[in-house]
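Please have the sequence and the model open while I talk.

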Amino acid sequence: MQNVDVAIVGGGMVGLALACGLQGSGLRVAVLEQKAPHPVSPDAPPELRVSAINAASEKLLTHLGVWSDIVAQRASCYHGMEVWDKDSFGHIAFDDESMGYSHLGHIIENAVIHHALWQKAQQCSDVTLVAPAQIQQVAWGENEAFITLQSGDMLTARLVVGADGANSWLRNKADIPLTYWDYRHHAMVATIRTAEPHGGVARQIFHSDGILAFLPLSDPHLCSIVWSLVPEKAQQMQEATPDAFNQALCVAFDNRLGLCTLESERQVFPLTGRYARQFAAHRLALVGDAAHTIHPLAGQGVNLGFMDAAELVEELRRLHREGKDIGQHLYLRRYERSRKHSAAMMLAGMQGFRELFAGANPAKKLLRDIGLKLADTLPGVKPQLLRQAMGLNDLPDWLR
C-alpha cells in the first residue's frame with residue numbers, strides 16, 4: 001500500500017504539468033499512466049497531432065523547466081495570424097511586431113511536449129511515475145481515497161486528480177454529470193507540403209461547409225492542417241486519391257501558398273464539446289479534457305488544460321501552506337469556480353463563432369464579413385483579441 005497526497009490519474013501533457021508544478025511543495029505525488037511516452041526521433045516526420053501553444057502555456061512550461069528542451073527538439077514559432085472568409089471581403093490579420101510581441105505562439109507536436117514533461121517528472125523527487133497502471137477501483141473515504149490497480153497494487157491519496165481525458169473513467173465513477181454536444185463535424189489532420197514558404201504565419205479560412213487551418217511547422221514548406229468538415233465530406237476527403245485530395249485542398253485554401261501536396265497519412269476524428277457540471281468533488285478535482293473539450297477552431301484546448309493545471313498547482317500549494325485539507329470540496333471550490341468560468345467563456349465564444357461562420361446564408365455572411373473587417377480596423381479591438389488568444393488575461397498569479 002503506497003500513501004501519497006495527490007494521485008494524478010492520467011500522465012498526458014496536463015497531468016504531467018500538474019505533477020511537475022507540485023514539485024517542492026511538500027506534497028507527495030503519484031502519476032498513474034497506461035503507458036510511458038516514446039521519445040520523438042529528430043529525423044522522424046512530424047507527428048500528426050500538434051498544439052498551438054500560446055504565451056500563457058509557454059510561461060507555465062518555462063516555469064516547469066521544460067520549455068528549453070521542447071524548443072531544442074522541434075517547435076515552430078509563428079509571428080502572424082490570418083483569418084478570412086472564402087469568396088468575400090471578410091479578413092483579419094495579426095502580426096507580432098506591430099503589437100509589440102516577439103512572437104504570437106508556437107506550433108508543437110503533442111508527442112514532443114509529452115515526452116519533455118515525462119522526462120522532467122522522472123527527475124522530480126516528490127513525483128512517482130507508475131506506468132503501466134490501469135485503475136480497477138476507486139473508493140472515496142472520509143479522509144482519503146483508496147485506489148486499486150489491475151495489478152493488485154493499492155494506494156491511498158488525500159486528493160485524486162482526473163487527468164484521464166475526454167472519456168474520463170474517474171469522472172464517470174464519481175457520477176459527475178456532463179453537458180455534451182456533437183459539433184456534427186469531423187476534423188481531418190495531415191501534414192502538407194506547400195510550394196511557397198509559410199513565413200511563420202498561422203492561417204485559417206472559413207468556407208460554407210467547414211473550417212481549414214494551416215499551422216506552420218519548423219520546415220518552411222511544411223504545415224499541419226486541421227480541416228473541420230461534415231462527417232460525409234471528411235470521409236470523402238480521407239478516401240480520395242492523393243491527387244484529388246491535393247486539388248480539393250488547394251481550392252479550399254484559395255491557393256494561398258501555391259500547390260499543396262499531402263506528406264502524411266490522413267486521420268479523422270469526430271468533434272464533440274463537453275463540459276463537466278462539476279470540476280471538483282469530495283477528494284476529486286478534474287483537469288484538462290476530463291473537465292472540458294472544445295472545438296479546435298481556435299486551437300485553445302490544450303492551453304485551457306494547462307491553465308487548469310497552473311491554477312490547481314497554485315491552489316494546492318496555498319492550501320498545504322495553510323495546513324488545510326487539500327481534498328475537501330469546500331477548499332477546492334475556488335479552483336472550480338475560476339476554471340469553470342474560464343472554460344464556459346471559451347466554450348460559449350467558440351460556439352458563437354462556429355454558429356456565425358457556419359453555412360452560406362447571405363445575411364449571415366455579410367454580418368461576419370463586416371465583423372471581421374471592423375475587428376481588423378477599429379482601434380483597440382485587435383490588441384484585446386490577441387491578449388485573449390495568447391491567454392494573457394487568464395494567468396494565475398504565480399505565472400504573472
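In which loop is Asp 175 found? Before I answer, two remarks on the source: this is a predicted model, in which local features need pLDDT of at least 70 and side-chain atom pairs count only at pLDDT 80 or more, while totals for chains, interfaces and linings use all residues. Residues are numbered from 1 along each chain as its sequence is written, and side-chain values use heavy atoms, with hydrogens and water left out.

Asp 175, then, is found in the loop between helix 6 (169-173) and strand 12 (178-194), where helices (H or I, at least four residues) and strands (E, at least two) are DSSP runs numbered from the N terminus. Its phi is near 55 degrees, a positive value in a residue other than glycine, and Asp 175 is exposed, with a relative accessible area of 66%.

As background, most residues other than glycine have a negative phi, and most peptide bonds are trans.

Let me turn to packing. A nonpolar core here is a set of buried Ala, Val, Leu, Ile, Met, Phe, Trp, Tyr and Cys residues joined through side-chain atoms within 4.5 Å. The largest such core has 111 residues, and those with the most contacts inside it are Leu 117 and Phe 306. Helix 9 (residues 301-321) gives the most to this core, with 10 residues. If we leave aside its neighbours within four places in sequence, Leu 117 is in contact (heavy atoms within 4.5 Å) with a set of residues including Met 13, Leu 16, Leu 61, Val 66 and Phe 306. There is also a second, separate core of 22 residues, which includes Ile 192, Ile 225, Cys 260 and Leu 262.

Next, the aromatic rings. Rings of Phe, Tyr and Trp (its six-membered ring) pair if their centres lie within 6.5 Å, and planes under 30 degrees apart count as stacked, over 60 as edge-to-face and the rest as tilted. The structure holds five such pairs. One of them, between Trp 84 and Phe 253, is tilted, at 5.7 Å centre to centre and 50 degrees between the planes. That pair links distant parts of the chain, 169 residues apart, with Trp 84 in strand 5 (residues 80-85) and Phe 253 in the loop between helix 8 and strand 16 (260-262). Trp 84 counts as buried at 3% relative accessibility, and Phe 253 is buried at 0%. The centres of the rings of Tyr 275 and Phe 279 are 5.7 Å apart and their planes are at 70 degrees, so this pair is edge-to-face. Ring pairs also link Trp 84, Phe 214 and Phe 253 into a cluster.

On a 1 Å grid over the protein atoms alone, a cavity is a set of points where a 1.4 Å probe fits but cannot get out, whereas a pocket is an open set with protein on both sides within 12 Å along at least five of seven lines; lining residues have an atom within 4 Å of a point. Grid points are joined across faces, edges and corners, and a volume is the space filled by probe spheres set on the points.

The second largest pocket has a volume of about 160 Å³. Of the 14 residues that line it, the closest to its centre are Lys 86, Asp 87, His 207, Ser 208 and Asp 209. Helix 8 gives the most to this lining, with three residues.

The largest cavity has a volume of about 40 Å³, and its lining includes Gln 204, Ile 211, His 295 and Leu 297. Strand 14 (210-216) and strand 15 (222-229) are the elements that give two or more residues to that lining.

Technical notes
Buried < 20%, exposed > 50% of the residue type's maximum accessible area, 1.4 Å probe, protein only.
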